[in-house]
Amino acid sequence: MKTLKEVKVGQSAVVVKIHGEGALKRRIMDMGITKGVKITVRKVAPLGDPLELNLRGYELSLRKADAEMIEIE
Amino acid sequence: MEDKISIALAGNPNSGKTTLFNALTGSNQYVGNWPGVTVEKKEGALKNEESVTVTDLPGIYSLSPYTLEEVVARNYLIDERPSVILNIVDGTNIERNLYLTTQLIEIGIPVVVAINMMDIVRKNGDTIDVNGLSKRLGCKVVEISALKEDGIIEAAKVAIEVAKSAKKTVKHIFSGAVEHAIAHIEEITVHNLPEDMQRWYAIKIFERDEKVLAQLGIGEETLSHIEHDIVACEKEMDDDAESIITNERYEYIASILKGVYVKKNEGKLTLSDKIDQVVTNRILALPIFAIVMFLVYFISVTTVGTWATDWANDGLFGDGFHLLWIGDGEYNENAENYANSNTVINGFIEWSESGGENLDLLKDTINTENDYFDAENAKTALQTYLFSLPINAVASYTVVDEETLQESVETATLEDLKNAINALIGYDFTEPDPASYGVWVPGVPVLVGNGLEAINCADWLSSLILDGIVAGVGAVLGFVPQILVLFLILAFLEDCGYMARIAFVLDKIFRKFGLSGKSFIPMLIGTGCGVPGIMASRTIENDKDRKMAIITTTFIPCGAKLPFIALIAGAVFGGAWWVAPLAYFTGMAAIVVSGIILKKTKLFESEYTPFVMELPAYHMPTFKNLMHTTWERGWSFIKKAGTIILLSTVIIWFLTYFGFTDTGFRMLAEDEVDKSLLAVVGGFISWIFAPLGFGTWQGAVATITGLVAKENIVGTLGVVYGVSGSAIQAISSAFSPAAGLSFLIFNLLCAPCFAAMGAIKREMNNWKWTTFAIGYQTIFAYAIALIVYQFGLLFTGAVNVVGLIVAIILTVVLLYFIIRPKFGKKEAKN
């Protein structure tokens, strides 16, 4: 399984499935990370975590541990 | 009579909701908190339309049951049923913003969508077909620019119209299988609810929303019946119900935006993107952060903030101040010169007396407080004294620093004495009067004092008014200027978008201690003053992180604790350099340890919430909005924290200035603290501090007066230990190093001053949490001070066996709390 965590800075990927459950999953999906959405990894924070993503026309920050739950193509 | 119309303002964070709210209501607002929670609530009457109230809901992305803000917003909409929802949507970020809209429409309250930032949308060359969107959403859509106040009135008018017509259309937006299940749920569980609410409840039941299920109390049998439907649907769609709904909402949005919303430059970098490339750059981010934090501290604590506080405390609520600072420098120079000259002369006299000379006559002649004082006589006496000294005389004498009680030995030559005498003659033996320089505005206490004197007010009453009430009001208002300065800076950082970047940059470090990256700001400000530090915690969006910041911020030594630290360092540790760094280290360690301990308790137990944070586009905040936010927060401090500060000050005033003496119960002079009720109280409770090494009434009294303001500890110690001779020597012999350290640590960590407690109450908005915060701080301080004292005794060879055992037990308990597993973790594994 390939996850969002493995996507390199500057590259994009399409979401296949979001793993996990409950509040965590709901929060990620509420912010627009849903099946079929295209996500670009903009940059990594200076200390190596979290990530800055671009999706649905806006910027979102997400920890690597959470990015691991997002399966991509 | 027609019903009163209420408009609920809903929208995502950073969508311009606050700006719109301010534009709609003007200055006509009431700011408070939602009942019992730390979430801010704003209400106001619509401009020029007093009968219409506007309620600003917290900024939210969704109506899920998982965050406090979302639950607050949702309960309001469901329970209070406002007449209309005005949903503000950021046009530059329309896809994600409409996600909330799809949920608002379901509630069954008429919705008007106001698309904000249309000017930027157009500037980017994008187009939004408002009429097309309105048809597809099934509700009115209007264009606005909250910042430029374009279309605001129109939006409000549309909302009122819609509210009156009460026409609402609920669209079925989900796929066949889901709609089928929802229809089924509607039919068997919620058909007895009002018709317009049925769909919302049905969808929530489908999502297995725990809060709704608990509220409705659906029977076991019905529940299993529905569960069958949901599971069938989940199987078909290969996902859980909640995710199915979320997914389909976004799919629905994509479908309705097709042809309605056209983006011109997909993927091109905007100005905001370019700024962000520099600000959160791998190499530059941390230096830029350091510079920004330095500026925040420099402005709000070191420079403007201190000027503002000094002006408020020493000027407005002190002796007075020079208008526009004209003549201030000149006056200070002269006042200092006058004081120094006196010091030199008195030093010389003291030195001569220590050599066996009797100079009582001289001292009497130059005492300006005597009724028979005569400047000519004083001049002659001083010159005679000067000529009686050998030409190479060098006097050495002790000088006591008033602020820290520190004693130092200074020397002066005959030349210095000559200059000093000439200076006094130049001043005609009268202290420079600030009123002779520039325009002098007397402080409130002076004016009130003069007024009371003029009407021959009784001593106790004038003291109550001056030392109790005016001082109490001063204690409240004295903080306001600095708070305003800080809030202005914070509002700027929040509005321009940098605050979110701080959390982004610092997240990795702070999450280790269970804190948010934004907790850095309260702590930084807390080194200056705990009150604005606590209030800065409101920029943290997670409720538990916010409470944690409120509880731990005052552990960092604030400016008022510095003289006290200096006193202990000087009196007990011979001016050792390491005492001040140790105080800061103790504060930081207390924050980290408390963070770890509290995060593991049931109170702070929370489901792991992901750090999913929007990084809003940078933009220049408007002056008007900044002022609005700043004033609003400052005012709420005065109102909410003011009462508690004022009341406590008056109580302590009474205890300090009254007592039983040989002549019965009466009011006391300032140096009679030992006879005061406070000393009696101190004596009563001093046993509590015995295990900490300072079980004396003096230690207890200093700790109590420290609650009014921490700098009072020094003043009180000066009075209670300075009855006969040098206070610093008395303190030095009263406190062993172990007791001194324990006394220092206890007073640094225990309950903060009343002003900070007021701020805690204001931010917690809940007595239970306020009590918990203050109780935790005090108990924590007590435990640490006890451990330090008892182990200190061990190292200095004066072991107290019982005390040591207690200290060891406390240490073990503390370590257990630090390393034990998280609350609830064990059960989760089973």
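Helix α1 (22-30) of chain A and helix α11 (241-257) of chain B each supply at least two residues of the lining of the second largest cavity. Helices are DSSP runs of H or I, at least four residues long, numbered from the N terminus. A cavity is a set of points on a 1 Å grid over the protein atoms alone where a 1.4 Å probe fits but cannot get out; lining residues have an atom within 4 Å of a point. The model is predicted: local features need pLDDT of at least 70, side-chain atom pairs count only at pLDDT 80 or more, and totals for chains, interfaces and linings use all residues. Residues are numbered from 1 along each chain as its sequence is written, chains are lettered from A in the order in which they are written, and side-chain values use heavy atoms, without hydrogens and water.

α1(A) gives the most to this lining, with four residues. The lining includes A:K25, A:R26, B:D240 and B:E242. By class, one lining residue is nonpolar, three are polar and five are charged.

The largest nonpolar core has 124 residues. Such a core is a set of buried Ala, Val, Leu, Ile, Met, Phe, Trp, Tyr and Cys residues joined through side-chain atoms within 4.5 Å. Buried means under 20% relative accessible area (1.4 Å probe, protein chains only). B:V531, B:F637 and B:F743 touch the most other members. Helix α20 (residues 459-496) of chain B gives the most to this core, with twelve residues. Domain 4 (486-558 + 574-640) and domain 5 (647-819) of chain B both contribute residues, so the core lies between them. The domain bounds come from an automatic or database assignment.

Note on methods:
Buried means under 20% relative accessible area, exposed over 50%, partly exposed in between (1.4 Å probe, protein chains only). On a 1 Å grid over the protein atoms alone, a cavity is a set of points where a 1.4 Å probe fits but cannot get out, and a pocket is an open set with protein on both sides within 12 Å along at least five of seven lines; lining residues have an atom within 4 Å of a point. Ala, Val, Leu, Ile, Met, Phe, Trp, Tyr, Cys and Pro count as nonpolar, Asp, Glu, Lys and Arg as charged, and the others, Gly among them, as polar.
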